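This report is meant for a reader who has not seen the structure before. Please look at the sequence and the model first, then read the sections below.

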Amino acid sequence: MSAEERIRADPAWQRGVAHRSGGSGHPESSVAKHIDEVLANVDRLAADPRQRARLRLVALVHDSLKSDVRWWRPGRSDHARLARRFAERHVDDHGVLKVIERHDDAYRAWRLGRRTGLWRLAERRARRLARDLGPDLDLYRAFYRCDNETGDKAPDDRRWFEDLLG
């Protein structure tokens, strides 16, 4: 059984993707619908079969644990870190795991700049993310595009990140 098949067969994943989606950037009716949009982008944009397979794993898991987030707990649980822990049961590709865990970090850096005007701090965070990703930066950038071109998401944050990295 492939990693993708194991993920899809996992009851925790099935429960998570059935969760109602919503909020800015996610008008889809469920997490599963959002994931379907991301997967369609992966299949459309990723020419290399190995990269496509890796991107599909990230896409399947990246938002699948949002229903498990408990905002009221100290230290706030984070859906991306929950997703990584879930993925570790099915995936042994460290780069895929890293991208799952950090998939919203470029957006969060951009949002910091937009909300506070602290663009130098936002840029430092984005550059640190790029350094931390190292050889997996291209995978991250490819996933960011696939995830960003869904729902009613504006491309501003992705373009800012891309322009910053050159």
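## Overview

Of the 166 residues of the chain, 50% count as buried, where buried means under 20% relative accessible area, exposed over 50% and partly exposed in between, with a 1.4 Å probe and protein chains only. The chain has ten helices and zero strands; helices (H or I, at least four residues) and strands (E, at least two) are DSSP runs, numbered from the N terminus. Among contacts with a separation of 6 or more, 61% link residues 24 or more positions apart, a contact being heavy atoms within 4.5 Å.

This is a predicted model, in which local features need pLDDT of at least 70 and side-chain atom pairs count only at pLDDT 80 or more, while totals for chains, interfaces and linings use all residues. Residues are numbered from 1 along each chain as its sequence is written, and side-chain values use heavy atoms, with hydrogens and water left out.

## Helix α6

Helix α6 covers residues 94-102, and seven of its nine residues are buried, so it is largely enclosed by the rest of the structure. The buried residues are G95, V96, L97, K98, V99, I100 and R102. Their cover includes α4 (49-61), α5 (79-87), α7 (105-116), α8 (119-133) and α9.

At the start of α6, a side-chain oxygen of D93 comes to within 2.9 Å of the backbone nitrogen of G95.

H79 lies in helix α5. Is H79 buried or exposed? H79 has a relative accessible area of 7% and is buried.

The side chain of H79 makes a polar contact of 3.1 Å with that of D63 and another, of 3.2 Å, with that of H103. A polar contact is a pair of N or O atoms within 3.5 Å; within protein, one must be able to donate a hydrogen and the other to accept it, and residues adjacent in sequence count only if both atoms are side-chain atoms.

## Helices α9 and α10

The axes of α9 (residues 137-148) and α10 (residues 156-165) come within 10 Å and cross at roughly 155 degrees. The two helices are therefore roughly antiparallel to each other; angles over 145 degrees count as roughly antiparallel, under 35 as roughly parallel, 65 to 115 as roughly perpendicular and the rest as oblique.

From α9, the contact involves L137, Y140, R141, Y144, R145 and N148, and from α10 it involves D157, R158, F161, E162 and L165.

How values were computed: Axes are lines fitted to C-alpha atoms, for helices over the stretch in contact, and angles run from 0 to 180 degrees between N-to-C directions.
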